[in-house]
Every structure is written in C-alpha cells, then in structure tokens.
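I set out to record, entry by entry, what I looked up in this structure. The notes below keep to that order.

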Amino acid sequence: MWIIRQLGYLRIGRGSEDTTEHRVLHLFRNRAELKKSYIASQEEIQTLKDRVKQQEGVTARVQELLQELEGRLGQPDTGYRSLVFYQLRELWSAGRALLAQFAGELVAQQEDRERRQFLAEHNRRQFPRLQAADELARTAAGHLLAARAAVKDLEDAIARLRRPWHYFKRVQLRRRLQPANLGLLLAEQEVETARQARAAVESEPVPDFPGLSVEARRAINLAVVAYATLLRDRLAGTRLFELAREASGRREPPDHYGPRPDCERLMLEIQRGRVALQQRAALAQELKERTELLKAGARYRNARDTTPLSDGGVEDVAGAVLLGDAWEINRVLLR
C-alpha cells in the first residue's frame, strides 16, 4: 500500500511539472510575439514621424511662397506683374484643360463605338455555333418523338392482344419492345446532350474588350494635335502663347512684363485670349480640315506607334506643337 501511494505521489508531481513547463513555454511565446509587435510599432512610429517632418517641410515651403506672394502683391511695382504672371498661368491651364476635355470626349465616343463593334463581332462568331447546336437539338427532339411513338405503338399492340391464342404474338412484340425502350432512353440522352451543348455555348463569357485599336488612337491623337494648333492660332498676333508657356514653367513672376500700364494692357489681352480659346463656332469643321491635312502627311516610328513624328512627320505648326509640348500635349496623347 505504501508503494502504491508513493507511485501516486510521483504521478501527481509529474503532472504538476508538465503543467509548469507548458506555462513557461506559453509565456516565452507570448513574449516573442509581444517583442515583434513592439518592433513593428516602433518602425511604424518612425515612419509616421518621417512623414510628419516631410509634411512640415512642405507646409513651411508653402508658407514661404505665400509670404513672398503677399509681399509682391503688396508692392505697386511688383503687384501688377504678379497678377499678369498668375493670369498667364491660368490661361495655359485653360488651354490644357480644353485639350484634355476634347481628348476625353473623343476617347469615350470611340470606345463606345469599338466596344459595340467588338460585341457584335463576338455575337457574329457565336451565331453559327448556336445554329449548329439548335440543329442538333431539333434532330434529337425528332429522334425522341419517333422513339416515343415506336414504344407507344408496341405497348398499344400488346395491350390489344389479350386472347390466349395471342400469346406468341405478345412474346414477339415484347421482344421488340425492349430495344424500343433502349432506343427511347438513348433518344432522351441525346436530347439532354444537345441541350447541354447549347447551354455551354450560351454561357461562354464575353471576352474582355482589348481597348482602342491603333488606328483609333492615331485618329484621336491627330485630332488632339489639330486642336492644339487651333488653340495656338487663336492667340496668333499676340505674345500670349509664348508668355503663357514661359509662366507655366516658372514659380516666380519675371520682371519683363513692364510697368503698370503695360501690365494692364497685357491683362486685357489675356482676358480676350481666354474668350478666344473658349470659342466653339465652326469648331468641328475646322478641326476636320486640320485633322485631314495632318493625316495625309503623318508618319510613325513603327506599326504600333500612335504618336506622329514631329520631325517632318506632320505639318510645320503641328510639329512645333509636339516639339514644344504646347498645352502639355504629351500628357494628353494616347500611347
């Protein structure tokens, strides 16, 4: 009895030791996980601090620019030049916005047209397969009707032969009924197979639209170039185009706008130029003529390229528009 009790104590003690080891291992695992989480949190905090520092630098730069602008606007000799400078930048932005809006409208129209053509072509390719599936279904349905009629005729004939002396005829008809039932089963399977075949054709997913074709993108780009040349020509006879392009690439106004009277005259020209850019009278016909002219002489690097070459590939004014990135046209052209 004493030995049994000792063994029981040993077993109880061993179980307590196992439980303690399990708790220790669990604590070590939790400690490792907490350490990983702590390190990840510290890295995230450092990243956020770096972003805050960067944002503080940007905010400080903006504040500095605002203070400089306030200082220039507060001085009579520099205030008018600043007004001219920002109005020129706005004029350039207006031309760029018109160009981007025009390109977006052309892309939407052409995408809708080509998407409908793409779906029509898909349906055209699928139509013969649907016709073939329908023909198989009609043939299978005919076989099924014939098989049912054959089985019914045999069953009706057997039902009419009730006399004892009709025994041998009934046996003969029953022998014929077995293959007729098998034919009916095969006909039903044929109908089901035809139905599944047509359902498979109908359930085929419509392929994704691959996007605008090369020809469409070339046509849109030529129209955009034509519109850019038109916008530039509307400012012909003034210095607005060159001044606006210069202002778009600067952060601070230059000193060559002249004194106040010259600045006032220039601001009036900017106002008239903005109105000229917005004109839409006879726009479609003029764009069509310019686009056809560009299309006749356009050349490309290769068969997949969509941007006309500016070096002798298009008309001189259009080439200058492309080379000079007028109205930031290279951001609008489709690739």
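**Helix 4 and its neighbours**

I began with a crossing: helix 4 and helix 7 pass each other in a right-handed manner. I note at once that the model is a predicted one. For this pair I found axes that come within 9 Å and cross at roughly 120°.

I then listed the residues that meet. On the side of helix 4, I recorded Leu222, Ala223, Val225, Ala226, Tyr227, Thr229, Leu230, Asp233 and Arg234. On the side of helix 7, the list reads Leu283, Glu286, Leu287, Arg290, Thr291, Leu294 and Lys295. Sorted by class, this contact of helix 4 with helix 7 holds nine nonpolar, two polar and five charged residues.

I next turned to helix 4 against helix 6. The axes of this pair come within 9 Å and cross at roughly 145°, and the crossing is right-handed. Tyr227, Leu231 and Arg234 make the contact from helix 4, and Ala276, Leu277 and Gln278 make it from helix 6. Of these residues, four are nonpolar, one is polar and one is charged.

Is helix 4 mostly covered or mostly uncovered? I found that helix 4 is mostly covered, with 16 of its 21 residues buried. I also checked its length: at 1.5 Å a residue its 21 residues should span 30 Å, and the end C-alpha atoms are 30 Å apart, so the two values agree.

I applied the length check to helix 6. It has 19 residues and reaches 27 Å from its first C-alpha to its last, close to the 27 Å expected. The buried residues I noted in helix 6 are Cys263, Leu266, Met267, Ile270, Gly273, Arg274, Ala276 and Leu277.

In helix 3, I recorded Arg170, Leu173, Leu177, Ala180, Leu184, Ala187, Ala194 and Val201 as buried.

**The nonpolar cores**

In soluble globular proteins, nonpolar side chains tend to be buried together.

Which residues touch the most other members of the largest nonpolar core? That core has 48 residues, and the answer is Leu88, Val224, Tyr227, Tyr257, Trp327 and Ile329. At least two residues of this core come from each of helix 2 (76-160), helix 4 (214-234), helix 5 (240-248), helix 6 (260-278), helix 7 (283-297) and helix 8 (316-323). Apart from it I found another core, of 12 residues, including Ala147, Leu154, Leu161 and Ala187.

I followed Ile329 further. Not counting residues up to four places away in sequence, Ile329 touches Leu99, Val224, Val225, Ala228, Val321 and Leu322.

**The segment after helix 8**

Leu333 lies in the segment after helix 8, and its relative accessible area is 5%, so it counts as buried. Leaving aside neighbours within four places in sequence, Leu333 is in contact with Asn221, Val224, Val225, Thr307 and Leu322. I also noted that Leu333 and Arg218 are 115 residues apart in sequence, yet 9.2 Å apart in space, C-alpha to C-alpha.

Asp325 is also found in the segment after helix 8. Its phi is near 50°, a positive value in a residue other than glycine. Asp325 counts as partly exposed because its relative accessibility is 27%, and the band for that class lies between 20% and 50%.

Glu328 has its place in the segment after helix 8 as well. Its phi is near 55°, again positive in a residue other than glycine. At 14% relative accessibility, Glu328 counts as buried.

**The chain as a whole**

I closed with the overall picture. The chain has eight helices and zero strands. Of its 335 residues, 30% count as buried. Among contacts in the chain with a separation of 6 or more, residues 24 or more positions apart account for 78%.

Notes: Residues are numbered from 1 along each chain as its sequence is written. This is a predicted model: local features need pLDDT of at least 70, side-chain atom pairs count only at pLDDT 80 or more; totals for chains, interfaces and linings use all residues. Side-chain values use heavy atoms; hydrogens and water are left out. A nonpolar core is a set of buried Ala, Val, Leu, Ile, Met, Phe, Trp, Tyr and Cys residues joined through side-chain atoms within 4.5 Å. Buried means under 20% relative accessible area, exposed over 50%, partly exposed in between (1.4 Å probe, protein chains only). Helices (H or I, at least four residues) and strands (E, at least two) are DSSP runs, numbered from the N terminus. Contact means heavy atoms within 4.5 Å. Axes are lines fitted to C-alpha atoms, for helices over the stretch in contact, and angles run from 0 to 180 degrees between N-to-C directions. A crossing is left-handed if the near helix is turned anticlockwise from the far one by less than a right angle, and right-handed if clockwise. Ala, Val, Leu, Ile, Met, Phe, Trp, Tyr, Cys and Pro count as nonpolar, Asp, Glu, Lys and Arg as charged, and the others, Gly among them, as polar. The expected span of a helix is 1.5 Å times one less than its number of residues.
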